[in-house]
Amino acid sequence: MSLFAPPGAVAPASVRPSSASSAKKRARFHTLTVEEVRPLTDDSVVVSFTVPAELADDYDHLPGQYVALRTTLEGSEVRRSYSLCRAPEHRTAEQIAEGMPTRLSVAVKRDEGGLFSTWAQTGLHAGFEIDVMSPQGTFTSGLDDLDHRHVVGIAAGSGITPLMALAHTALTRSETSRFTLLYTNRSTLDVMFLEDLADLKDRYPTRVTLHHVLSREQRTAPVLSGRIDEEKLRTILGMLIDPSDVDEWFLCGPLSLVDLCREVLADVGVPREHIRFELFTTGDEPVRAARPVEVRAGAKTIRIEVNLDGVSSTVESPVDAHESVLNAALRVRPDAPFACAGGVCGTCRARVVEGSVTMTENYALEPDEIERGYVLTCQSHPTSDRVVVDYDV
Ligand SMILES: Cc1cc2nc3c(=O)[nH]c(=O)nc-3n(C[C@H](O)[C@H](O)[C@H](O)COP(=O)(O)OP(=O)(O)OC[C@H]3O[C@@H](n4cnc5c(N)ncnc54)[C@H](O)[C@@H]3O)c2cc1C
Ligand code: FES
């Protein structure tokens, strides 16, 4: 079944419910039932969930957002983030009143040696119940006024998933918008959503342009064969995608490709505010969010106060434990939001309202958020004797 609704099933922009608030919705888990696990390529599957009508508001989302999935594997809790590959569905007032369920879909690609993504190919099946966090993420702005706008997505491998939702939205919200995709994979067999992308091109032949770059397969055009390095990217921008004709850029792939694209695009004059990016991983070893820390009597500690859902909780963090604010917070507030624990997704964002912290990594917050006092609690280490963080602001 195609990922995209047939033409006409999506409401015009004027009657689409505004979802601006869903970008900052509180992260909450609910248990959802897996409706279908569909193979996509040899090493990827699309997993779809049914959202009951009473939870529809919690899972209202914007294109480009992700959910975190939580389950227990090998005796431990595992959380992983996956971008929603299906564009938000529009339901009429009648359908809402009739309690029509909505559907969420994610696409999981097996990461060699990866715990969750390997299990998702073999252990996950229809009927399985799994905890799904309400959608999060800011890889979504810039799509308000799409008339005569040209949106370009650059993706590698599983980085295509949020772009599927973004492409669909960009093309259905306006009849004059255009979408161009530069998508790199090893070979044709690795291309996720190959048929869905071809369907999109068939449906909007003059508004969609697809460029598949294959690193281990020879294509007729040399520019579309081999790895994307700086030289190839500059050639592509010279021959296939004219940056001066593009309004919004969405990048999703490994850190090296995203960094390369951001640098080259800035160098050819694309303003930073029109380049959005989402990282799935930094390539570093996976991090554990909640490592056990013992608070010994008489040990020097830092007092951390956490405001979450209107309730304030306090925890002592031993100075010599060098733990993150999130690590400490989870001892008294197991509901403190987090997903990747690696500074990538932004789910653990909170504002420092008293005291100070230093952040190890930050791939998720914008400079203006940092200026306003926001931090990633999974990466924050106190630098004062007392720290107060607020997750509610
Ligand atoms: C916002 C966001 C959206 C995302 N969207 C998607 C998506 O749409 N689709 C998708 O497929 N992925 C997506 N991801 C990535 C996803 O969350 C997982 O990181 C990915 O599936 C790997 O999880 P895993 O449990 O299989 O691997 P993990 O077990 O976490 O391992 C990751 C890698 O580290 C290696 N590794 C494991 N342990 C060690 C160790 N001790 N030392 C060294 N190396 C080790 C593994 O071999 C593997 O290569 C997204 C991530 C984020 C942050
Ligand atoms: S949990 Fe992902 S950035 Fe902190």
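**Entry 1: the shell around ligand 1**

I sorted the shell around ligand 1 by residue type and got 11 nonpolar, 7 polar and 6 charged. For that sorting, Ala, Val, Leu, Ile, Met, Phe, Trp, Tyr, Cys and Pro count as nonpolar, Asp, Glu, Lys and Arg as charged, and the others, Gly among them, as polar.

A note on ground rules before going on. This is a predicted model, where local features need pLDDT of at least 70 and side-chain atom pairs count only at pLDDT 80 or more, while totals for chains, interfaces and linings use all residues. Residues are numbered from 1 along each chain as its sequence is written, chains are lettered from A and ligands numbered from 1 in the order in which they are written, and side-chain values use heavy atoms, with hydrogens and water left out.

Back to the ligand. I found 24 residues around ligand 1, with R80, S81, Y82, S117 and T161 the closest; a residue is near a molecule if one of its heavy atoms lies within 4 Å of it.

An oxygen atom of ligand 1 comes to 2.6 Å from a polar backbone atom of S81. For K109, a polar backbone atom is 2.9 Å from a ligand oxygen. D111 uses its side chain: one of its N or O atoms there is 3.1 Å from an oxygen of ligand 1. On its own ligand 1 has 980 Å² of accessible area, and the protein covers 75% of that (Shrake-Rupley method with a 1.4 Å probe; for residues, only the protein chains shown count as cover).

Which elements give two or more residues to the shell? I listed β4 (76–83), β5 (102–109), α2 (115–122) and β11 (275–279). Helices (H or I, at least four residues) and strands (E, at least two) are DSSP runs, numbered from the N terminus. β4 gives the largest share, 4 residues.

**Entry 2: domains**

Why does ligand 1 lie between domain 1 and domain 2? Both of them give residues to its shell, so the ligand sits between the two.

**Entry 3: E278**

I picked E278 from strand β11. E278 is buried, at 10% relative accessible area (buried is under 20%, exposed over 50%, partly exposed in between, with a 1.4 Å probe and protein chains only). Skipping neighbours within four places in sequence, E278 is in contact (heavy atoms within 4.5 Å) with G64, Y66, F139, L251, C252, G253 and V258.

How many of the 8 residues of helix α7 (325–332) are buried? I count 6, so the helix is mostly covered. The buried ones are V325, L326, N327, A328, A329 and L330. Their cover includes β12 (301–308), β13 (311–318), β15 (357–359), β17 (380–382) and β18 (386–390).

S324 is in the loop between β13 and α7, and at 9% relative accessibility S324 counts as buried. Its side chain reaches the backbone nitrogen of N327 at 3.0 Å. Beyond four places in sequence, S324 touches T377, C378, S380 and H381.

**Entry 4: R386**

Buried, exposed or partly exposed? R386, in strand β18, comes out as partly exposed at 34% relative accessibility. Leaving out residues up to four places away, R386 touches I302, R303, E305, E354 and G355.

**Entry 5: positive phi**

Most residues other than glycine have a negative phi. I noted two that go the other way. F193 has a phi near 60 degrees; F193 is in the loop between β8 (178–185) and α4 (194–203) and is buried at 1% relative accessibility. A341 has a positive phi of about 60 degrees; A341 is in the loop between α7 and β14 (349–354) and is buried too, with a relative accessible area of 5%.

Terms used. A polar contact is a pair of N or O atoms within 3.5 Å; within protein, one must be able to donate a hydrogen and the other to accept it, and residues adjacent in sequence count only if both atoms are side-chain atoms. Domain bounds come from an automatic or database domain assignment.
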